[in-house]
Amino acid sequence: MKRWFRRRVDAAYERLLSREIAGAPTHVAVIQDGNRRYARQHGGDPHEGHRAGAETTERVLEWCQDIGVEELTLYTFSTENFNRPEDQREALYELLCEKLTEFADADRVHDNEVCIQAIGEIDLLPEHVRDAVAYAERRTQEYDQFVLNIALAYGGRSRLLEAARGVARDVDADEIDPDKIDVETIEQRLYDQPVRDVDLIIRPGGEERTSNFLPWHANGNEAAVFFCTPYWPEFSKADFLRGIRTYEHRKESWRRTRARRAIALLGAVSEPELTDAQAIVNRFRDSLPVGERPADIDRETAAVTDSGENTTSDDGLDSSSRVAD
């Protein structure tokens, strides 16, 4: 009876969270933590924990597609994992091969046009794992409705280091003008396929750190981060929806901060800057509590903004302000 009641409460909580969510992040990244601790807690070996975690991964993929997420990156095998005992590494390799092949052949992957791609130092992995990666990528390379990135032999700093070395070599060979190095120059060298900026990082398992995960795409975009205590195999849809809610709150907080800064600037800037500040206030004033909202400001400024002089991103945020903030 107690278990039945708990399921009813959990289902009601999921419905409540679903109603509170107004939109979805474009790119979610997940650190799948706690598999081994889950196994120890249940008297099993590490391999059983990783297998249970793989089942959670499949559910999360479905949840992302249900709410409109377009890209999911899974931190599956870090460079530190090479230091684990050989039997644990081999068990992980076998599970990776099994799941990559299973995903590549799954009807739901092809029905939803999921493109599977691996990121990381793939060449460091055993040949049979590299073959499974190649198979999954080949089977799904024509799809573009949803992107599933599998981070294997991955280390964020090492990827940035390799990208920097590549740029330095090209500069030394006079193939790149140093003055023309920009964000795109680095991003082209990070991964074989483009990866979107990360909007939300989720980490279960009780740890509150991002562990060198996608530093360029997450930190540069000021991604929201959601930490929770359940181990990865226990991660539920309610936990997932709480993570999405964290992203929405982070986004709304960003809007309020921009509006408050713009109001503070109005009385202390020069005429050209005043126009920009007025435009920001007009755009974000509805994000402020009612008591903080100023009277409408210079409708001509708002009209200029709406006509396209200030470029906005898909979520309505000023792209130049995003970089400066």
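Helices (H or I, at least four residues) and strands (E, at least two) are DSSP runs numbered from the N terminus. The structure described here is a predicted model, in which local features need pLDDT of at least 70 and side-chain atom pairs count only at pLDDT 80 or more, while totals for chains, interfaces and linings use all residues. Residues are numbered from 1 along each chain as its sequence is written, and side-chain values use heavy atoms, with hydrogens and water left out.

The chain contains 13 helices and 6 strands. Of its 325 residues, 43% are buried, that is, under 20% relative accessible area with a 1.4 Å probe and protein chains only. Among contacts (heavy atoms within 4.5 Å) with a separation of 6 or more, 75% join residues 24 or more positions apart.

Asp 33 sits in the loop between strand 1 (27-31) and helix 2 (35-41). With 16% relative accessibility, Asp 33 counts as buried. Leaving aside residues up to four places away in sequence, Asp 33 touches Arg 203, Pro 204, Gly 205, Glu 207, Tyr 231 and Trp 232. Asn 81 belongs to the loop between strand 2 (71-78) and helix 4 (86-105) and is likewise buried, at 9% relative accessibility.

Aromatic rings come next. Rings of Phe, Tyr and Trp (its six-membered ring) pair if their centres lie within 6.5 Å, with planes under 30 degrees apart counted as stacked, over 60 as edge-to-face and the rest as tilted. The whole structure holds 7 aromatic pairs. One of them, Trp 63 with Phe 240, is tilted, at 5.8 Å centre to centre and 40 degrees between the planes. Trp 63 lies in helix 3 (residues 46-67) and Phe 240 in helix 10 (residues 237-266), so this pair ties together parts 177 residues apart in sequence. Both Trp 63 and Phe 240 are buried. Phe 77 and Tyr 93 also form a tilted pair, with 5.7 Å centre to centre and 40 degrees between the planes. Here Phe 77 comes from strand 2 and Tyr 93 from helix 4, so the pair ties together parts 16 residues apart in sequence.

Terms used
Buried < 20%, exposed > 50% of the residue type's maximum accessible area, 1.4 Å probe, protein only.
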